[in-house]
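Open the structure in your viewer and keep the sequence beside it. The stops below say what to select next and what to look for at each one.

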Amino acid sequence: RKVHTRPIPRMGGLAIFAGFVVAVLASMHLSREIVSLLLGGTVILAVGIIDDLKQLTPRVKLMGQIAAAAVLVLFDIRIEWLTNPFGDMLYLEYFSIPLTLIWVVGLTNTVNLIDGLDGLAAGVSTIAAVTILLVALQQNFWSIAILTAALAGSSVGFLQYNFNPAKIFMGDTGSMFLGYMLAAVSVIGTVKSAATVALVV
């Protein structure tokens with residue numbers, strides 16, 4: 001993992017966060033969903049900053065991720081139903097809250113664990129965001145399209161400084177933020193399948 005011959009700054013996630021927030025605030029009204037997304041994103045960003053500076057234990061890091069996911073639930077953003085392979089709806093009722101928490105924490109950690117090579121996490125996140133963007137455009141989910149365009153744009157802007165040899169790393173600050181945003185946006189826009197397929201591929 002340690003192939004760089006000089007110290008590399010590792011909190012580039014702050015730039016990704018700033019680019020995303022500025023793009024969203026400049027192009028969208030502050031609805032309940034957008035406020036919850038930005039608040040939750042700020043919580044996960046704070047957890048990432050502390051982890052990059054002080055190396056949190058896995059348990060504390062997990063609790064921070066759950067707290068960020070809980071922000072969505074508090075604003076009533078949750079997975080309320082799933083579609084089974086035969087096209088029927090499966091309504092989750094009491095299971096919607098735990099499943100939403102598992103989904104958000106799971107995707108947050110997926111991108112966090114991908115972040116091991118120069119350009120990998122930012123590149124995969126860009127591909128996933130563009131995939132969700134295309135699905136959102138096809139289904140006329142315009143707010144989701146704007147959010148994923150902002151996410152893809154902030155990732156691409158960072159990516160040019162993160163390709164090998166990297167001038168800066170995103171750190172947990174960036175990787176957890178990207179994973180969290182992909183998870184949260186896919187819940188809001190009911191495009192969980194697109195996010196899952198993009199990240200799995």
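In this predicted model, begin by selecting residues 120–138, which form helix H5, a run of 19 residues that reaches 27 Å from its first C-alpha to its last, close to the 27 Å expected at 1.5 Å a residue. Now colour its buried residues, among them Ala121, Ala122, Ser125, Ala129, Ile132, Leu133 and Ala136. An α-helix has 3.6 residues a turn, so residues three or four places apart point the same way.

Next, select Phe20, Leu37, Leu147, Leu151, Phe177 and Tyr180, which, of the 49 residues in the largest nonpolar core, touch the most other members. Helices H1 (13–27), H2 (32–54), H3 (58–74), H4 (96–114), H5, H6 (142–159) and H7 (171–188) each supply at least two residues of this core, and H7 gives the most, with eleven residues.

Stay with Phe177 and show what surrounds it: leaving aside residues up to four places away in sequence, Phe177 touches Ile16, Phe17, Phe20, Gly41, Ile44, Leu151 and Asp172.

Finally, zoom out to the whole protein, where eight helices and two strands can be picked out, following the pattern α-α-α-β-β-α-α-α-α-α when read along the sequence. Of its 201 residues, 46% count as buried, and among contacts between residues at least 6 apart in sequence, 75% join residues at least 24 apart.

How values were computed: Residues numbered from 1 in each chain as written. Predicted model: local features only at pLDDT ≥ 70, side-chain atom pairs only at ≥ 80, totals over all residues. Heavy atoms only, no water. Helix = DSSP H or I, 4+ residues; strand = E, 2+ residues; numbered from the N terminus. Expected span 1.5 Å × (residues − 1). Buried < 20%, exposed > 50% of the residue type's maximum accessible area, 1.4 Å probe, protein only. Core = buried A, V, L, I, M, F, W, Y, C linked by side-chain atoms within 4.5 Å. Contact = heavy atoms within 4.5 Å.
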